[in-house]
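Student: Please take me through one part of this model in close detail. I would like to see how packing is described, one step at a time.

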Amino acid sequence: MTAVESRPAGGGTAHAHKAEGKSSQLPRSPGDRPFGARVKAFVALTKPRVIELLLMTTVPVMFLAAKGVPDLWLVLATCVGGYLSAGGAAAFNMYLDRDIDALMDRTSQRPLVTGMVSPRECLVFATALAVGSTAWFWYLVNPLSAMLSLGALLFYVVVYTMILKRRTSQNIVWGGIAGCMPVFIGWSAVTNSFSWAAVILFLVIFFWTPPHYWPLSMKVKDDYERVGVPMLPAVAGNKVVARQIVAYSWVMVGVSLLLQPLGYTGWFYTAVALVCGGFWLKEAHGLQSRAKAGITGAKLKEMRLFHWSITYVSLLFVAVAVDPFLR
């Protein structure tokens, strides 16, 4: 049974009619699709806001690997390659999820749903980005980074989107591995190797991803219920989700503090990790307390943790980049 077929009779049907209503108003020919709007639509296929976060974890790691300022041309080449690769993965994701995107409020304005980009155009675009990014990394960065980039793309598209997303509530846990790969890519771009520092930062992102995404999923769980995607908040109560958020949060903060005793960072990074981690745990336990009390709706304030999670990872990785200059 597909996710669309499993939608509830009430809300799902209403949203299906809503989607049909939208499709009847979609542009019917290329001439009805303005060039500027088409360009914006192809950019939207790459999920640029998500890629900003991925690059935020790539560049600081390059500073840590170089123990100072890395070659700026290498940084630029890595960022461009990373954008192309992650953009290709995002476009493949939209191609594969276009059926459920049409029925979810959060994704109802994506280019394939509105008809601004056709499925065939999206597939060609995604393939071009995947091939182009791999070649870009291979020739302008190094083959190791190229293989890591391609591996991350395939993991996100095949393992997360095609296998895990519609089958298990642990989808974002294991699927999130793809989002951890920029750490390895940034390190390997500079050193053409791996290190325990990269492994630790990889694990920080791995344990960060579920408590980052689950609060957002709590907010829009009706969307996931409607299309049958078993995100944890759609199949478990708020108490269960909040308890897992707290568990992952503690492990994440603990792992983030391993860089200093292993000699990779100094006092500055450690201070930032302690302060930001402490505030994260305060927010996570606050969410758990509200969930235990049976609070729902706007008063649950689940998005506070979601928004803080973005600030947290940004500050932590800025500290990763700054720390080498203060040692």
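**A close look at helix packing**

Tutor: Start with helix 4 (residues 72–96) and helix 8 (residues 143–164): their axes come within 9 Å and cross at roughly 15°. Helices here are DSSP runs of H or I with at least four residues, while strands are E runs of at least two; both are numbered from the N terminus. An axis is a line fitted to C-alpha atoms, for helices over the stretch in contact, and the angle between N-to-C directions runs from 0 to 180 degrees.

A word on the source. This is a predicted model, where local features need pLDDT of at least 70 and side-chain atom pairs count only at pLDDT 80 or more, though totals for chains, interfaces and linings use all residues. Residues are numbered from 1 along each chain as its sequence is written, and side-chain values use heavy atoms, with hydrogens and water left out.

Back to the pair. Two packed helices are described by the angle between their axes and the distance between the axes. Helix 4 and helix 8 are therefore roughly parallel to each other. The cut-offs: under 35 degrees is roughly parallel, over 145 roughly antiparallel, 65 to 115 roughly perpendicular, and the rest oblique. Helix 4 and helix 8 make a right-handed crossing. Right-handed means that the near helix is turned clockwise from the far one by less than a right angle; anticlockwise is left-handed.

Now the residues that meet. Helix 4 brings Ser85, Gly88, Ala89, Ala90, Phe92, Asn93 and Leu96. Helix 8 answers with Ser149, Leu153, Tyr156, Val157, Thr161 and Met162. Contact means heavy atoms within 4.5 Å. By class, the contact of helix 4 with helix 8 has eight nonpolar, five polar and no charged residues. Nonpolar covers Ala, Val, Leu, Ile, Met, Phe, Trp, Tyr, Cys and Pro; charged covers Asp, Glu, Lys and Arg; the others, Gly among them, are polar.

Helix 4 has another partner. Its axis lies 7 Å from that of helix 2 (residues 35–45), and the two pack at an angle of about 95°. Helix 2 and helix 4 are therefore roughly perpendicular to each other. Val43, Ala44 and Leu45 of helix 2 make this contact with Tyr83, Gly87, Ala90, Ala91 and Met94 of helix 4. The residues of this contact divide into seven nonpolar, one polar and no charged. Spot Ala90: it is on the list for helix 8, and it is on the list for helix 2.

Next, helix 3 (residues 48–66) and helix 16 (residues 302–322). Their axes come within 7 Å and cross at roughly 20°. That makes helix 3 roughly parallel to helix 16. Helix 3 passes helix 16 in a left-handed crossing. From helix 3 come Leu53, Met56, Thr57, Pro60, Val61, Phe63 and Leu64. They meet Ile310, Val313, Ser314, Phe317, Val318, Val320 and Ala321 of helix 16.

The largest nonpolar core has 81 residues, and Leu201, Trp280, Tyr312 and Phe317 touch the most other members. Helix 11 (residues 196–219) gives the most to this core, with 14 residues. Such a core is a set of buried Ala, Val, Leu, Ile, Met, Phe, Trp, Tyr and Cys residues joined through side-chain atoms within 4.5 Å. Buried means under 20% relative accessible area, exposed means over 50%, and partly exposed is in between (1.4 Å probe, protein chains only). Take Tyr312: beyond its neighbours within four places in sequence, it is in contact with Trp208, Met252, Ser256, Cys276, Gly277 and Trp280. Apart from this core lies another, of 15 residues, among them Ala89, Cys122, Ala126 and Ala130.

Lys301 sits in the loop between helix 15 (267–292) and helix 16. Its phi is positive, about 55°, although it is not a glycine. At 41% relative accessibility, Lys301 counts as partly exposed. Asn192 is a second case, with phi near 55° in a residue other than glycine. Asn192 is in the loop between helix 10 (177–191) and helix 11. Its relative accessibility is 47%, so Asn192 counts as partly exposed.
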